[in-house]
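Visitor: Please show me the structure, and then I will ask about a few of its parts.

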Amino acid sequence: MTEPINFFAGRVAVLATMHRKEDAIAPLLEAHLGVTVAVPAGFDTDAFGTFTGDVKRPSDQLTTARLKAAAALRQTGESLAIASEGSFGPHPQIPFVACDRELVLLIDRTHQLEIVGECLSTDTNYRSQVIHSPEDALAFAESVGFPQHGLVLKGEETDQILGKGITAVDKLVALVEKALSQSPHRAARLETDMRALCNPTRLTVIAQATEHLLQVIFKTCPACGCPGFRQVQRWPGLPCGQCGTPTLLTRLVRYRCQQCPYQQDCQPVDLPPQADPSYCPYCNP
Ligand SMILES: [Zn+2]
Ligand SMILES: [Zn+2]
């Protein structure tokens, strides 16, 4: 049976990025897969959407990552590509908490494989605030890890970007004073810059998504050894440990091979065989 490393070792993996995501992704992939990660020269990912909102993302996270990977493969003529895509917003279960969902995608045209790693983290400084003075700006900056983390300044009325990647106090103050003097209400908006090169906290979450990608790659098909034996379906209904009522927790997971017809249904390894009664609609309505 072939080991996953034999699928990738010695190959070039093109990374579709222009924001230094290779700092988080390349060391892990090179160490565990034996690939050489290369960033295509002059690759423009801003065409696929920006966090500052000046270019809209063409589609959902996974589709956008696929488009980036396909563009990098076209530009370089290689057969192995990595793309990553982040999304920020309220946590799906805890609406008052901001979270960062990072996805790292591997596309292998030689073996017809698509493998996805993901990380959902509440460790993010994603935030924005209307400010009325340089003192407001400095207080916000301090609360979001400036100057290690960059800032974006926008006009409050116009939403126009007045500066991004701001990482120096004198530049921040100068830009804020100019923005306030030009605003009828002496207001401007400061946002955290979420681009990977301006946001070490985000780079850490991208590295965690890359680690998950490696876990999925190294889960191999029991029948043919193909990497990326992946979850394709989940069924809820894990019974309550006290009364046996089905809960919304996952009861069964289906894994499927990408190259042979083999599939396997199993209980999730990360959950106990019965649900805690706190999840039960009968015991804890
Ligand atoms: Zn298989
Ligand atoms: Zn119950």
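**A threonine and a zinc site**

Guide: Apart from neighbours within four places in sequence, T17 is in contact (heavy atoms within 4.5 Å) with E22, V39, F43 and T45. This is a predicted model, where local features need pLDDT of at least 70, side-chain atom pairs count only at pLDDT 80 or more, and totals for chains, interfaces and linings use all residues. Residues are numbered from 1 along each chain as its sequence is written, chains are lettered from A and ligands numbered from 1 in the order written, and side-chain values use heavy atoms, leaving out hydrogens and water.

Visitor: Is T17 buried or exposed?

Guide: Buried means under 20% relative accessible area, exposed over 50%, and partly exposed in between (1.4 Å probe, protein chains only). T17 has 3% relative accessibility, so T17 counts as buried.

Visitor: Which arrangement do the 4 donor atoms around the zinc ion (ligand 1) have?

Guide: Donors are N, O and S atoms within 2.8 Å of the metal (3.2 Å for Na, K and Ca); water is not among the atoms, so sites may look incomplete. Here the SG atoms of C221, C224, C257 and C260 coordinate the zinc ion (ligand 1) at 2.3 to 2.4 Å. Four donors count as tetrahedral if all angles lie between 85 and 135 degrees. The angles are 104 to 119°, so the arrangement is tetrahedral.

Visitor: What spacing do the donors of the zinc ion (ligand 1) follow along the chain?

Guide: C221, C224, C257 and C260 are the coordinating residues. Along the chain, their spacing is C-x2-C-x32-C-x2-C.

How values were computed: Four donors count as tetrahedral if all angles lie between 85 and 135 degrees; four count as square planar and six as octahedral if opposite donors are over 155 degrees apart and all others between 65 and 115; anything else is irregular.
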